[in-house]
Amino acid sequence: MAIGRDRDNQLSITDQLLSRRHCTVEAVSGGFVIRDLGSANGTYVNGTAVRERALEHGDRIRVGNSVLLFVDAEPANASVATEIDALTQPIEIGAKPQAARVPLDCSAPAATPSSLQCKGLVGETPAMRAVYECIRKVARADCTVLICGETGTGKELAARAIHDTSSRSRGSFVAINCAALTETLLESELFGHEKGAFTGAVALKKGKLELADGGTLFLDEIGDLAPGLQAKVLRAIQHHEFERVGGTRTIRVDVRVIAATNVDLQAAVAAGRFRQDLWYRLNVVNVTMPTLRARREDIPSLAGHFAKKYGRTRAAEISAAAMQALTEYDWPGNVRELENAIERAIVLGRSNRIECDDLPQAVRDAAAAPLHQPAALYHRNVVETKRRMILEAIDRTGGNHSAAARLLGINPTYLHRLLRNLHLRDAVGRQ
């Protein structure tokens, strides 16, 4: 069976990231084999790029932006119809029911809210499925949320997803960057000011807190909030009331606060730079966004998403060599850096096909380095395999670490040591 964009394929898929003839699935002695036909964007089985590979029951095949599920319908796998039914059931996200399909992974829970991809969050790895599940649960409540993660991991997108899937979705989502303004300007922006409160205050101005009444206030980079404002923000969050700068009238608001930070707030509390009571008030529910290097299997999906977003007239194709380079780079700037790299490649590229030469020099260098550093490549692959197996085991056992250790065949104490050494505690701590 040929798979591709052209109509003469046995399986024709309208997906601009597919090649005209992308790959084939062929019957061989003892089973089936998938073969890539030199496609522009590659063929992936369970997140790994393949040229030719035997298929097994439950394998996920990604071609372009499309995911196919390979099932063995022999009598020994009579439960396959039940699996398919579970995988294609619509689910509801918060207050906005949507007929969304979960990621095609037979080992994943059937209720994974992958429709959050339409909110800008893209990915199907266990780390991202854990984020989706946490967002789904948090959206039902009205508590304060603290989103942690490195710069560029999508903290504001997660905050918007919480707002959009909550009962406050009809209200405003108001964002403010606590690191972008001086203390005086930030106070005025947050709380507003009365006419004549200071030089230049020629009219009354409502602050972000008032503008977010009935909705959500997103405090980005909360770790950089000036000490003089931390007490005022604490009172506003705790009592839902404040006064404008230069005013005496107490204003009450109904606002949900979501904060984000890329610094260790606990360390900031220990160092005396951040109020402990504000930390406790913010950290009711903690959502940690995984780094891109911790979810490399999502890179093809993200790259295709951005190629479609920035393509001039249609989604730009990504060559197999370019995709390989993208997956090998460590992305210190995370998803934001990847997005910038794809946009740059489309703007400066000579055609509608992204080649390796169109990518930033740092990405090309990382792709070339492993050829001369086999030991480093081996070590990195071992570490990434360990991380993936641990996250999948914890995901399959619903966050039960003891059960996950049994599934992996290791001692629970050793599992906790691995979680610490592989920097996975934040990724699984909320499960």
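Okay, housekeeping. Residues count from 1 along each chain as its sequence is written, and side-chain values use heavy atoms, leaving out hydrogens and water. Since the model is predicted, local features need pLDDT of at least 70 and side-chain atom pairs count only at pLDDT 80 or more, while totals for chains, interfaces and linings use all residues.

Let's start with the rings. How many aromatic pairs does the structure hold? There are four. Rings of Phe, Tyr and Trp (its six-membered ring) pair if their centres lie within 6.5 Å; planes under 30 degrees apart are stacked, over 60 edge-to-face, and the rest tilted. Take Phe191 and Phe242: their centres are 5.8 Å apart and their planes sit at 45°, so we call this pair tilted. Phe191 is in helix α4 (residues 183–191) and Phe242 in strand β17 (residues 241–242), so the pair ties together parts 51 residues apart in sequence. Helices (H or I, at least four residues) and strands (E, at least two) are DSSP runs, numbered from the N terminus.

Buried or exposed, these two, Phe191 and Phe242? Both are buried, meaning under 20% relative accessible area with a 1.4 Å probe, protein chains only. Tyr329 and Trp331 make an edge-to-face pair, 4.6 Å centre to centre with 80° between the planes. Tyr329 and Trp331 are buried too.

Now the sheet. Five strands form an open, mixed sheet in the order β2-β1-β3-β4-β7; two strands pair if DSSP finds at least two bridges between them. β2 (11–12) and β7 (52–54) are at the edges with a single partner strand each, so one side of each has no neighbour in the sheet. β3 (residues 23–28) and β4 (residues 31–36) pair antiparallel over six bridges, and Thr24 stands opposite Arg35 in β4.

Methods: Buried means under 20% relative accessible area, exposed over 50%, partly exposed in between (1.4 Å probe, protein chains only).
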